[in-house]
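Okay, everyone, thanks for coming. Let me put the sequence and the model on the screen, and then we'll walk through it together.

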Amino acid sequence: MERAFTPLDCLLPTGNLKFCLLILNQSFDKGHFHCLWSKAALRACADGGANCLYHITEGSQDSFLPDYISGDFDSIQPEVKEYYKVKIDVIVALGGLGGRFDQTMASVETLFLARNITPFPVIVIQECSLIYLLQPGKHKLCVDTGLEGAWCGLIPIGNSCESVTTTGLKWNLTVNRCHITSHHMHQEKQLFPSTNQVLKFGTLVSTSNTYDDSKIVTVETDKPLLWTMAIKR
């Protein structure tokens, strides 16, 4: 079968070739760069290629941010790596919470693995749900966008949490008592004494919670703890 292909179509202003742009660690023509960048469906740098991108766009780097930078990072300049690194606040995964339960659990496992891969927080969103893994320590979650749905929860997946306290929820985990509610178990607004503040399956899991009127939720936990919340549709 004969296949027709126009190799230089990617450089034509009127070309309709769909392509990805991979920038390598070598000098290149600035005119070609601007033409290819403006038309590429995806833009990536291979390690030191980020140096070339950074310098050829000097003065307007914010308008030329790559989708990916990959490699072992042995040739990228430290100041270039730091520049592109701070351009990201969070990684958002769209999908992964619907359909098969085992695949949903794989998404949760990815949040645990991501701790060793990236310094950026990772959230997973699908339809009306969001999950986010809280690391040990204190967290302040702003819930004032107007996109929040009615429910939220704290799920101790992967480990028990020996000490959890919260504010900003309708039923908070406090020093002297914890709350558990589950519509599936037909329980609501039940308070259980807990001196150790333990969250774990078989003891206490906070599901079907909701917010007070403060618009801010604080969580302090001694172990990784899964935060989940509803998204209005």
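So, let's start with Ser-107: is this residue buried or exposed? Ser-107 is buried, because its relative accessible area is 12%, and buried means under 20% relative accessible area, with exposed over 50% and partly exposed in between, using a 1.4 Å probe and protein chains only. You'll find Ser-107 in helix H4, which covers residues 101-114. The helices (H or I, at least four residues) and strands (E, at least two) are DSSP runs, numbered from the N terminus. Leaving out residues up to four places away in sequence, Ser-107 touches Gly-96 and Leu-97, where contact means heavy atoms within 4.5 Å.

Before I go on, a word on the model: it's a predicted one, where local features need pLDDT of at least 70 and side-chain atom pairs count only at pLDDT 80 or more, while totals for chains, interfaces and linings use all residues. Residues are numbered from 1 along each chain as its sequence is written, and side-chain values use heavy atoms, with hydrogens and water left out.

The protein averages a pLDDT of 87, and 90% of the residues score at least 70. Please be careful with residues 176-196, though: pLDDT stays under 50 there, and the model has 44 contacts for them beyond four places in sequence.

Back to H4. What does this helix lie across? H4 lies across strand S5 (122-126), S6 and S14, and runs at about 35 degrees to S6. For angles, the axes are lines fitted to C-alpha atoms, for helices over the stretch in contact, and angles run from 0 to 180 degrees between N-to-C directions.

Those strands belong to an open sheet of six, in the order S4-S5-S6-S14-S8-S12, with mixed pairing. At the edges sit strand S4 (91-94) and S12, each pairing on one side only. On average, neighbouring strands here are turned by 20 degrees against each other, direction ignored. By the way, two strands pair if DSSP finds at least two bridges between them.

Now find Ser-129, in strand S6, residues 129-134. Ser-129 counts as buried because its relative accessibility is 19%. Its contacts, again not counting residues up to four places away, are Leu-97, Val-124, Trp-151, Met-229 and Ile-231. S6 and S14 run antiparallel and are joined by six bridges, and the partner of Ser-129 in S14 is Ala-230.

Next along is strand S8, residues 148-155. Six of its eight residues are buried, so S8 is largely enclosed by the rest of the structure. Five bridges join S8 to strand S14 (residues 225-231), antiparallel, with Gly-153 facing its bridge partner Thr-228. S8 also runs antiparallel to strand S12 (residues 206-209), with two bridges, and there Leu-154 stands opposite Ser-206.

Last stop: an open sheet of three strands, S7-S13-S9, with antiparallel pairing. Strand S7 (137-142) and strand S9 (164-167) are the edges, each pairing on one side only. From one strand to the next, the twist averages 15 degrees. S9 pairs with strand S13 (residues 216-221) over four bridges in the antiparallel sense, and Thr-166 stands opposite Val-219 in S13.

Note on methods:
pLDDT = per-residue confidence, 0-100.
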